[in-house]
Amino acid sequence: MPHRLARFSAIKTIRGLALLTISFSLIVITGWVSQTPMILRIVEFGPTMKFNTAVCFLFSGLVLYTFTLKPSNRKIPLLLTLPIIIICGVTLIEYLFNIDVIATLLIEDNISSKSIGRMSVATMMCFLIFSLSFWLVSSKKQVNKQYGESVAIIIFITNLLSLIFFILRVPIEGRLKVMDTMAVHTSLSFIFLSISCSLVNPTIGFTSFLNSNRYGDKIIKSVLPVILILPILISSILSRLIDTAVLNIDLGLAVYSIVLILIGSVLITLYGKRINMILKQKVELEQSYNAVNQELLDYKYAIDQVMSVTIASPTQKILYVNDMFCETSGYSRTEILEEGYRLVQTDHHPPEFYEGMGKTVSMGQVWRGEILNKSKSGKTRWSHLTIIPFRNSEGEIYQHLTFEKDISLEKKAEELNRQYVHELKNKNKELQEFSYIASHDLQEPLRTITNYSGLLSKMYKSTLDKQGVEILQFIESAATRMQTLIHDILDYSRIGKEKEKTEIDTKSIVTQVIEDLSALINETNAKIKVGNLPTVHGAETEIRIVFQNLINNAIKFRKIDKTPSIEIGYQEEKTNHKFSIIDNGIGIAPQYKDKIFQIFQRLHKQSEYTGTGIGLAHCKKIIERHKGEIWFEPNDQQGTTFYFTIKKKQV
């Protein structure tokens with residue numbers, strides 16, 4: 001984009017200088033037609049611009065102007081240089097054979113005092129050099145463009161010297177013979193032409209610094225005007241002082257030398273300080289660069305230890321490959337760079353897979369996915385692939401960076417996990433079926449034992465002694481407990497069967513549980529206080545079992561001399577619903593914190609407190625299914641506080 005702007009600005013400048021040259025030439029041609037010496041000479045002591053010179057400048061201006069209209073078309077501008085070359089050739093013949101062709105054929109020269117009707121030798125050479133310069137700078141070859149600009153600089157220097165002669169008022173006799181008849185406006189016009197030729201290619205050669213922001217080019221732009229103008233200005237002033245006898249020539253040369261030395265010293269000092277400052281900044285930047293570079297090298301080293309990295313062009317030609325890629329693929333770096341990705345591709349993926357990958361990246365989007373590749377030995381491996389496209393300043397994708405991580409072990413672990421889960425589901429299903437069948441089949445003989453023991457007790461109670469009656473009672477009691485255990489086992493195995501989870505009003509559930517336990521509550525005169533309870537997401541039946549077991553235990557495990565007092569509370573946490581059931585019962589020793597949640601684990605004898613020891617195991621299983629936890633802590637009433645949580649958002 002900066003090059004385009006520089007080109008556009010240069011074309012506008014060339015067009016302006018071309019129009020200025022055309023205007024000069026037309027004015028001079030008009031001067032010759034009207035025979036007006038002042039127009040042809042400008043300065044009183046200077047020579048005139050000849051008619052043929054003005055015509056050549058007219059064609060030169062047209063060459064540049066037509067070029068700016070359509071720079072890609074060289075034919076018309078180059079054709080317009082032919083009249084210039086012809087006129088210069090005729091002038092050369094005039095000098096060689098001492099004849100006046102142009103003055104005789106075109107227009108009579110009664111104004112010039114020297115080289116009548118002929119342009120100076122320097123003018124003729126400058127026109128030929130200009131034609132050559134334009135042919136070269138408008139060429140398509142880069143080397144020709146550079147040569148053309150060098151030729152244009154020759155024109156600039158030659159005519160700058162001619163201008164200096166005029167500025168210093170050097171008489172014609174004191175000038176170089178080849179340019180003694182060159183007019184001041186001729187020199188100016190040639191300077192315009194040389195600048196225009198240099199601007200045809202503004203981004204190369206000597207003029208490239210004009211559009212550059214590099215520090216060296218900035219120095220050139222700031223120093224060049226001083227170098228070009230200051231010596232001429234000082235020389236002009238000293239020349240006037242010498243002409244007016246204020247200074248003699250020797251003193252003038254001394255003053256000139258001293259002034260240039262002083263100015264040069266000041267400039268060198270100023271730019272020296274600036275260069276020192278730049279060098280200091282350069283050192284700081286180098287240190288910063290080295291630190292950043294070392295950091296990048298560390299990152300690269302770390303990535304190379306775990307990932308294969310490649311860089312490819314939009315056409316999938318690999319430009320860079322790291323050691324890890326070579327190691328995992330088994331191919332050498334040379335083989336990979338020459339043959340590309342096809343070396344590691346397999347037939348596992350259909351063509352649509354690779355087409356979709358390429359389409360995503362070509363749209364400038366990052367592609368992520370899993371791919372099956374092969375090594376040189378034929379062994380396949382699964383990899384996680386990430387392809388990152390990079391765009392240049394113009395928004396075009398110029399390369400892709402690919403990270404490849406071997407996930408073969410993870411894929412094997414996933415497969416083993418799937419097999420394990422499948423086997424676990426089958427085993428779980430078998431256990432559930434076994435639990436149901438075993439529990440159902442066990443109930444039949446127990447029912448028989450219970451029935452016949454009851455019948456035996458009823459029929460032979462009067463004939464049995466005390467010991468026999470007690471034995472029958474033991475049998476009936478054991479059978480009843482066994483039936484309760486079987487029933488509890490069935491309940492435990494059914495936990496989790498309620499698949500659907502809904503929004504549950506826990507306040508309403510607790511109220512229902514209290515109603516169900518009303519007989520036990522009335523019998524023990526238990527006092528139950530219920531706080532503000534929330535609505536939670538869960539399985540309603542299972543949550544009811546948790547509250548029922550915890551409230552029932554709080555009443556059952558009471559102190560003999562105290563009325564049961566139970567408080568049900570709630571505390572909201574960031575991710576959980578936290579419930580508490582506080583009692584004033586017999587308490588639980590801390591060392592039993594894990595044991596009491598295990599199935600069939602009891603802390604008391606059956607004669608002291610009835611039960612199967614499965615209620616808290618039910619609670620733990622249900623709470624874990626709801627992504628929560630259950631635990632207990634001693635409280636200030638020497639009783640126990642049970643806490644349990646239910647996760648707010650369950651997946």
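Q: Where is Lys627 found?
A: This is a predicted model. In it, Lys627 lies in the loop between helix H19 (615–625) and strand E11 (630–634).

Q: Why is Lys627 called partly exposed?
A: Buried means under 20% relative accessible area, and exposed means over 50%. Lys627 has 48%. That value falls in between, so Lys627 counts as partly exposed.

Q: What is the phi of Lys627?
A: The phi is positive, about 60°, although Lys627 is not a glycine.

Q: Why does Gln316 count as partly exposed?
A: Its relative accessibility is 41%. The label covers values between the 20% and 50% cut-offs, so Gln316 gets it. Gln316 sits in the loop between strand E1 (308–312) and strand E2 (318–321). Its phi is near 70°, a positive value in a residue other than glycine.

Q: What makes a set of residues a nonpolar core?
A: The members must be buried residues of listed kinds, such as Leu and Phe, joined through side-chain atoms within 4.5 Å. The largest nonpolar core here has 38 residues. Leu64, Phe127, Phe130, Phe134 and Phe190 touch the most other members.

Q: Which helix gives the most to this core?
A: H3 does, with nine residues. Other elements giving two or more residues include helix H1 (2–34) and helix H6 (121–137).

Q: Which residues does Leu64 touch?
A: Not counting residues up to four places away in sequence, Leu64 touches Ile14, Ala18, Phe130, Phe134, Leu193 and Ser196.

Q: Which residues does the second core include?
A: This separate core of 31 residues includes Ile521, Val536, Phe547 and Ile551.

Technical notes. Residues are numbered from 1 along each chain as its sequence is written. This is a predicted model: local features need pLDDT of at least 70, side-chain atom pairs count only at pLDDT 80 or more; totals for chains, interfaces and linings use all residues. Side-chain values use heavy atoms; hydrogens and water are left out. Helices (H or I, at least four residues) and strands (E, at least two) are DSSP runs, numbered from the N terminus. Buried means under 20% relative accessible area, exposed over 50%, partly exposed in between (1.4 Å probe, protein chains only). Contact means heavy atoms within 4.5 Å.
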